[in-house]
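I opened my notebook for this one and wrote things down in the order I looked them up.

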Amino acid sequence: MDQSPGRVYTFHFIMLCLSNALFSASFNMLLPELPAYLTRMGGEDYKGYILALFTLMAGLSRPFSGKLTDTIGRVPVMIFGSLVCVVCSLLYPLVSSVGAFLLLRFFHGFSTGFKPTGTAAYVSDIVPATRRAEAMGMVGLFSTIGLALGPAIGGYISTQWNIQVMFQISAVFALLSVVILAGGMRETLADKQGFRLSTLRISKSEIFEPLVLAPVIVTFLTYLSYGALFTIIPDFSSHLGIQNKGLFFTFFTAASIGIRLLAGKVSDKYGRVPILKISSFTMAVAVFILAVSHTPAMMLTAAIIYGVSVGLNSPAITAWTIDLGHPQFKGRALASMYIAMEAGIGLGAYLSAFIYHNDTRFFALTFYCTAVMTLLASVYLLFIYHNRRLQVMWRFVHMRAPIKRFLR
């Protein structure tokens, strides 16, 4: 599909944003309630696996979603991701053992392994390159709206009715996302191929795109904190006397929504790297504040700062990945970035649960360790990324593209 000069907010773009909001709300409404649900099954010691297994499958499926996005098309990949949410949400009430729950949680990760890859590639096809971050920011804005509404809706439904009803509503949201994609989205991949089983064969060169190494590193380091916070915050909220375990995420999301209205435009104007330097440092500051928080007000202040940093980070990192990647292999480039994202979230979730170990004495230590890991993203951008000697060494090893592609 040809890009219309200067035009972003087309009918297809708006519908894609709406689909994203429904998809995001579908799986995010489960997150605050799943730790307690697993605990009632007797799986209290496995709470760190709720996010870790989900993101592990998402990461493992990324090479496949990237290749399929570049071969069979963007829309089929997005539809498959949303359909996984429908099926898994309907199956949660049917599992009664810890092992079955964790296995289902593992396969639920297919959803975010496919949908975001197809979405980002689709957006890059229909918007001008000069407004790429702005468009990514707006798509992310709707995802963030889903992130905000999801936990609040899920918490309300599980309180007023029960968690089984919450699972059913989650499935309905995902199904509405599928209806939008199947009913009104035109395919944008020019040389679309039919699906064959041979398409699922992945070679080594199709797993990772070396051209996007820098965004991959920054993505991994910044999303460590994301996984940690989604794992620990529900318990930390209860520890501080906050009854609504989704309140932190509501404040975080509201701040993220506010900044996303401008973040993409700023990234398009001033560049990806300067914005990422600021956002990664601010992210670390927010987690440091959580480490010293002893009142709900301090925790919610950290939530706002963290939301601002994520709102700045997300559109810049996605646009940077597309900028550096090969135009014919957008799916592969985006899949590489998302693999790093899932690895960061999963490792962050696992490490935070390991350090915390269901002992409130270790909340501060968990947050301190997470903040230090996040700060490494700023260190990389400030002192390593612009080291030309390292860039020359990397090009010599891979012999892929001129150095200037790494300096965009």
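**Entry 1: Ser111.** A reminder to myself before anything else: this is a predicted model. I began with the surroundings of Ser111, setting aside neighbours within four places in sequence, and found contacts with Phe23, Phe54, Gly81, Val84, Cys85 and Pro116. Ser111 sits in helix α6, which covers residues 110–126. I also looked up a C-alpha separation: Ser111 and Leu83 are 28 residues apart along the chain, yet 7.6 Å lies between their C-alpha atoms. Is Ser111 buried or exposed? Its relative accessible area is 0%, so I noted Ser111 as buried.

**Entry 2: the cysteines.** How many disulfides does the structure hold? I found zero. For Cys85, the nearest cysteine sulfur belongs to Cys88 and is 7.2 Å away; a disulfide would need the two sulfur atoms within 2.5 Å. Cys85 has a relative accessible area of 0% and is therefore buried. Cys369, in contrast, is partly exposed at 29% relative accessibility.

**Entry 3: helix α1 and His12.** Because 14 of its 18 residues are buried, α1 is largely enclosed by the rest of the structure. His12 belongs to this helix, and its relative accessibility of 12% puts His12 in the buried class. Which residues does His12 touch, leaving aside neighbours within four places in sequence? I listed Tyr122, Gly184, Met185 and Arg186.

**Entry 4: α7 against α8.** Next I looked at helix packing. The axes of α7 (residues 132–160) and α8 (residues 163–184) come within 7 Å, crossing at roughly 145°. I have this crossing down as right-handed. On the α7 side the contact uses Ile153, Gly154, Ile157 and Ser158, and α8 supplies Ile163, Val165, Met166, Ile169 and Phe173. Sorted by type, the contact residues are seven nonpolar, two polar and no charged.

**Entry 5: α9 against α10.** Here the axes of α9 (residues 213–239) and α10 (residues 247–270) come within 10 Å, and the crossing angle is roughly 145°. Tyr226, Leu229, Phe230, Ile233 and Pro234 of α9 meet Phe248, Phe249 and Phe252 of α10. My tally for this contact of α9 with α10 reads eight nonpolar, no polar and no charged.

**Entry 6: helix α12.** I repeated the length check on α12, residues 296–324. Its 29 residues reach 42 Å from first C-alpha to last, close to the 42 Å expected at 1.5 Å a residue. The helix is mostly covered, with 22 of the 29 residues buried.

**Entry 7: two backbone angles.** Last, I went through the phi values. Most residues other than glycine have a negative phi, and I was curious about exceptions. His357 has a positive phi of about 50°, and Asn358 has one of about 55°; neither is a glycine. His357 is found in the loop between α13 (330–356) and α14 (363–384), and Asn358 lies in the loop between α13 and α14 too. How accessible are they? His357 is exposed, at 57% relative accessible area, while Asn358 is partly exposed, at 30%.

Conventions:
Residues numbered from 1 in each chain as written. Predicted model: local features only at pLDDT ≥ 70, side-chain atom pairs only at ≥ 80, totals over all residues. Heavy atoms only, no water. Axes fitted to C-alpha atoms, helices over the stretch in contact; angles between N-to-C directions. Helix = DSSP H or I, 4+ residues; strand = E, 2+ residues; numbered from the N terminus. Contact = heavy atoms within 4.5 Å. Nonpolar A, V, L, I, M, F, W, Y, C, P; charged D, E, K, R; others polar. Buried < 20%, exposed > 50% of the residue type's maximum accessible area, 1.4 Å probe, protein only. Left-handed = near helix turned anticlockwise from the far one by under 90°. Expected span 1.5 Å × (residues − 1).
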